[in-house]
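Open the model in your viewer and keep the selection panel at hand.

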Amino acid sequence: MSSDDWLMLDFEISRLFDGAPVDEEQMFAGRLNEVTKMLRTVMERSRHVVLFGERGVGKTSLSNIFWRRYGKTLQSFVVARVQTGPQDDFSSLWIRALEELKSVATGSGKGDYVPIQTEFESLTPSQVRRELQKISPNALPVVIIDEYDKLGNRDAKILTANLIKELYDFSITTTVILVGVAENISELVEDHASTDRAIVQVPLNRMSEDELKEIIYQRVSQTPMKFTPDAILTIVILSRGLPFFTQVLSKHAALNAIEQRKLTVTNADVDAAMTRFINDTEVSFRDAYRAATRTNQKSNLQESLLACALAKCDDEGFFKATDVVEPYSAIMRDKKRIAHFEKHLRRFSSEDGGNVLVKRGGERQQTFRFADPMMQPYVIIRGIQTGMIDEMAKKLLLQKQQGELPI
Ligand SMILES: Nc1ncnc2c1ncn2[C@@H]1O[C@H](COP(=O)(O)OP(=O)(O)O)[C@@H](O)[C@H]1O
Ligand SMILES: [Mg+2]
């Protein structure tokens, strides 16, 4: 290959693993059940969807893609997407949604299907319902309200819930999809008990290892490059179910291989990718890490935080203090008990520790998770980078399944 070819390959890898929300069907991995559930709801034309989960699990991507799965056969989708901002009230949000519906319909030659008015000073739920009622039954209108958790205005939340209920009661064919960061639906939807029948809940969890592998295969197969199975496994395990990290680590590893004029990406390239990642990572991670582990005393805050990041967790990212014992002992190379790091957990989930962890449940059933899920792979990669996990432990960690650290 000429140096121009290598440069082109470099660009191609950077484009393929760009870490932006997915908006092309062939770049979207896994999530079959969720895609089907959402499509079915839209096709039924009576109920609405609330899609929720941790930051970075792929909510925006799923809402971008699910309706394109059968896009060829279902030409009549008219999909409007709006982002919620902290300044929004009910009117500003829903005026934008109506404008977007109309403009998308017009842009795709379906303007006749969507003869709605968008010139409003302010809006009530019934007015929105009356406009949506005008849409032709030949169209499959969908309104996606992304980042709905950012909506600060409580009235706007109540009115949006009222709107959903009204759309349901009047059998309006437009499907509303509320998307947001939340642990459960009541965090996102005001008075959800009264809208219960009108809503299909789609919780989105972290991705499985197979789904993360699929992300790598799908993208790299569009280039002449290959990843060794080892390299793929390392990337997948480090990603902790978060597809963003799979993309960033794959990108850095592949770029490292390209620099050395190799078409096969190995574990050595993944090691180099970790260094690159730590070097050009967002300042926000670094600050949060420092805030959590800063101390005057000799305590092992960094080790504890790493152990938390490595602890076996459920697919929503929650772990218990007992799950931290194993990784903490492995890192400290000594048999440790909960008492050794209990106060660290308390610190991490308080103002003092920058609230890097959030706590759930009472004294007895307490569980923790990283407030920002993205912090978790960061902490692990940093731990490997600074030698907190020795070569041996790392090999074993990467060979074994997540969390089952040997001591
Ligand atoms: N199904 C998927 N296949 C491939 N990449 C994905 C998938 N879902 C998410 N991603 C990637 O994960 C990252 C976060 O996705 P995004 O949709 O923005 O998450 P959220 O909206 O939940 O914060 C992005 O880099 C995106 O490219
Ligand atoms: Mg999003």
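Select ligand 1 and show the pockets: in this predicted model, ligand 1 sits in the largest pocket.

Next, select the residues around ligand 1. The shell has 21 residues, and the closest are Gly 19, Ala 20, Lys 59, Ser 61 and Gln 247. Colour the shell by residue class to see 11 nonpolar, 6 polar and 4 charged residues.

At Ala 20, a backbone N or O atom lies 2.5 Å from an oxygen atom of ligand 1. At Ala 29, a polar backbone atom is 2.8 Å from a nitrogen atom of ligand 1. For a side-chain contact, select Gln 247: an N or O atom in its side chain is 2.7 Å from an oxygen atom of ligand 1.

Switch to a cartoon view and select three helices: H3 (59-65), H9 (209-220) and H11 (243-259). Each of them supplies at least two residues of the shell around ligand 1.

Finally, colour by domain. The protein is divided into domain 1 (3-19 + 208-279), domain 2 (31-204) and domain 3 (283-399). Select domain 1 and domain 2 together; their C-alpha centres lie 35 Å apart. Why does ligand 1 count as lying between domain 1 and domain 2? Both domains give residues to the shell around ligand 1, so ligand 1 lies between them.

Conventions. Residues numbered from 1 in each chain as written. Chains lettered and ligands numbered in written order. Predicted model: local features only at pLDDT ≥ 70, side-chain atom pairs only at ≥ 80, totals over all residues. Heavy atoms only, no water. Domains from an automatic or database assignment. Near = heavy atom within 4 Å. Polar contact = N/O pair within 3.5 Å; in protein donor to acceptor, adjacent residues only side chain to side chain. 1 Å grid on protein atoms, 1.4 Å probe; cavity = no way out; pocket = protein on both sides within 12 Å on 5 of 7 lines; lining within 4 Å. Sits in = over half its atoms within 2 Å of the grid points. Helix = DSSP H or I, 4+ residues; strand = E, 2+ residues; numbered from the N terminus. Nonpolar A, V, L, I, M, F, W, Y, C, P; charged D, E, K, R; others polar.
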